[in-house]
Amino acid sequence: MSFGPPQGDAVKLKRAQYGQVYYDKFAAKQAAEGGPKMNKKPVSFLQTDKRWASKPYRVKGENSTIGDSGCGPTAAAMLLSTLTGKNITPEDTCKWSVDHGYKALGNGTYYAYFAPQFAAYGIKCWQLNWVNAYHNPKATSFDETVKYLKQGYYAIALMKKGTWTGGGHFVVLWWADGKVRINDPASTRDNRVNGNLATFKNEAAYFWIVDAREYNNSGKLVDGSMAEVKPEDVPQAAPGVTAERKATGAAKSFDKKLAGTYAVTAGSGLHIRNVAGSKTGSMVVLPCGTKVQNYGYYTEVNGVKWLYIQVTYQGVKYTGFSSGAYLKKV
């Protein structure tokens, strides 16, 4: 899929479609950047490919397949295959997701999946925005994503109900010839591969950035300047730590007797949540045996103490909530 500032004979049509103000903003911006730029086209996979569409992508209690639920791992497989030069298929990444606890029962893939999946291959990936951009005209995450694409990064976007999906759907974004392009894991239909920029921006909810600058031999905008943009909530951290993620929810209680080091006891791994409670967003899944730190703060939900914990895992420092039912003090 491609979309960007109107060019050539299509100018009048695009002006009518997007509006004069919108056109002037993006056309002027492209002109200032000095023309088109090409990043390397990623490998393309379809989750509906007959080689794996009917293969299981499921946890206990469901019967989902790669074909109906594997868009997230399929998007990851495209970029992993591209950046490693290896044949990493959707079947491989779906298995990794299930094995590491990132398949969501009755849904698709947890948002926390992408960073550790790419880290397993030595590739940096992070979630750009935690504020839902879907139908949110004040959101800046799409514009920030475009800045990263121009530097040679790839991106993954979660689309919500509209042109690309009836619920939720992950797609791959890249930059070429002055336009944003897309690899859709589920479709090659024209309205999915030649979509409207304004529509896409309106229907995208969250973005993940994948560092592909070395592969694309790019780190600058086409005018030679660096895009002045930093990942939201990913400040520089202590030596050995590449990034930080901190929950937006606040602990409501304190008990100094709770303070100490804990080990994860859940065999399938334990989620660190953005807010206390099992139905809230997951930041990451910690493997059984992982040691975490609590300083006495917690929030009680339905009789369960959700400890406000801190841990450095795969180079990222996490601070958030985990169920005390699956943590044992050591």
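## Aromatic rings, charges and backbone

Begin by selecting Trp 96, Tyr 102, Tyr 111, Tyr 113, Phe 114, Phe 170, Tyr 206 and Trp 208, which ring pairs link into a cluster. Bear in mind throughout that this is a predicted model. With the pairing rule of centres within 6.5 Å, the count for the structure comes to 18 aromatic pairs.

For one of these pairs, select Trp 126 and Tyr 148, whose rings lie 5.7 Å apart centre to centre with 75 degrees between their planes, an edge-to-face arrangement.

At what angle do the planes of Tyr 148 and Tyr 153 stand? The planes are at 85 degrees, with the ring centres 4.9 Å apart, and because an angle over 60 degrees counts as edge-to-face, the pair of Tyr 148 and Tyr 153 is assigned to that class. Tyr 148 has a relative accessible area of 3%, and Tyr 153 has a relative accessibility of 6%; since the limit for buried is under 20%, Tyr 148 is buried and Tyr 153 counts as buried too.

Select Lys 40 together with Tyr 215, and you will find Lys 40 over the face of Tyr 215, at 4.7 Å from the ring centre. Then select Lys 103 and Tyr 57, where the charged end of Lys 103 sits over the ring of Tyr 57, 5.4 Å from its centre.

Finally, leave the rings and inspect the backbone. Select His 135, in the loop between E2 and H7, where this residue, although not a glycine, has a positive phi of about 55 degrees. The relative accessibility of His 135 is 45%, so His 135 counts as partly exposed.

The last stop is Asn 302, in the loop between strand E12 (291-301) and strand E13 (304-313). Is Asn 302 buried or exposed? Asn 302 is exposed, with a relative accessible area of 77%, and its phi is positive, at about 50 degrees, although Asn 302 is not a glycine.

Key: Residues are numbered from 1 along each chain as its sequence is written. This is a predicted model: local features need pLDDT of at least 70, side-chain atom pairs count only at pLDDT 80 or more; totals for chains, interfaces and linings use all residues. Side-chain values use heavy atoms; hydrogens and water are left out. Rings of Phe, Tyr and Trp (its six-membered ring) pair if their centres lie within 6.5 Å; planes under 30 degrees apart count as stacked, over 60 as edge-to-face and the rest as tilted. Buried means under 20% relative accessible area, exposed over 50%, partly exposed in between (1.4 Å probe, protein chains only). A charge sits over a ring if NZ of Lys or CZ of Arg is within 6 Å of the ring centre and within 35 degrees of the ring normal. Helices (H or I, at least four residues) and strands (E, at least two) are DSSP runs, numbered from the N terminus.
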